[in-house]
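Please look over the sequence and the model that follow, and then read on for a guided account of how the parts of the chain are arranged.

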Amino acid sequence: MAIKPKYVKQLGNVLLEEYPQAFNTDFETNKESVSKLTNVDSKGVRNRIAGYITRKKGGPKATA
């Protein structure tokens, strides 16, 4: 499991506190919500934030 950078965790936690209803356990919808609620231009950073939020909300576990 990769270690998330500090800014991903901070922004993810702020978004969850301010807009808890905008996120759920589905990565795709969280990705769209992050795009709407932030000004993050980088697709990779947006996906990392959405993935972090999905895991915090109790999303499905990846199997290897």
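**Helices and their packing**

Read from one end of the sequence to the other, the chain follows the pattern α-α-α, and its secondary structure accordingly comes to three helices and zero strands. The model is a predicted one, and what is said below should be read with that in mind. Of the 64 residues in the chain, 27% are buried, while the accessible surface comes to about 4600 Å², with 51% of that area belonging to carbon and sulfur atoms. Among the contacts with a separation of 6 or more, 56% are accounted for by residues 24 or more positions apart.

Helix 1, which spans residues 6-18, and helix 3, which spans residues 43-56, have axes that come within 9 Å and cross at roughly 60°. The crossing in which helix 1 passes helix 3 is right-handed. On the side of helix 1, the residues that meet helix 3 are Tyr 7, Val 8, Lys 9, Leu 11, Gly 12, Asn 13, Leu 15 and Leu 16, and their counterparts in helix 3 are Val 45, Arg 48, Ile 49, Tyr 52, Ile 53 and Lys 56. Sorted by class, this contact of helix 1 with helix 3 has nine nonpolar, two polar and three charged residues.

The other packing to follow is that of helix 2, residues 27-37, whose axis lies 8 Å from that of helix 3, at an angle of about 125°. That angle makes helix 2 oblique to helix 3, and helix 2 passes helix 3 in a right-handed crossing. Helix 2 contributes Phe 27, Asn 30, Lys 31, Val 34 and Ser 35 to the contact, whereas helix 3 contributes Arg 46, Asn 47, Ile 49, Ala 50, Gly 51, Ile 53 and Thr 54. By class, the contact of helix 2 with helix 3 has five nonpolar, five polar and two charged residues.

Technical notes: Residues are numbered from 1 along each chain as its sequence is written. This is a predicted model: local features need pLDDT of at least 70, side-chain atom pairs count only at pLDDT 80 or more; totals for chains, interfaces and linings use all residues. Side-chain values use heavy atoms; hydrogens and water are left out. Axes are lines fitted to C-alpha atoms, for helices over the stretch in contact, and angles run from 0 to 180 degrees between N-to-C directions. Helices (H or I, at least four residues) and strands (E, at least two) are DSSP runs, numbered from the N terminus. A crossing is left-handed if the near helix is turned anticlockwise from the far one by less than a right angle, and right-handed if clockwise. Contact means heavy atoms within 4.5 Å. Ala, Val, Leu, Ile, Met, Phe, Trp, Tyr, Cys and Pro count as nonpolar, Asp, Glu, Lys and Arg as charged, and the others, Gly among them, as polar. Buried means under 20% relative accessible area, exposed over 50%, partly exposed in between (1.4 Å probe, protein chains only). Accessible areas come from the Shrake-Rupley method with a 1.4 Å probe; for residues, only the protein chains shown count as cover. Angles under 35 degrees count as roughly parallel, over 145 as roughly antiparallel, 65 to 115 as roughly perpendicular and the rest as oblique.
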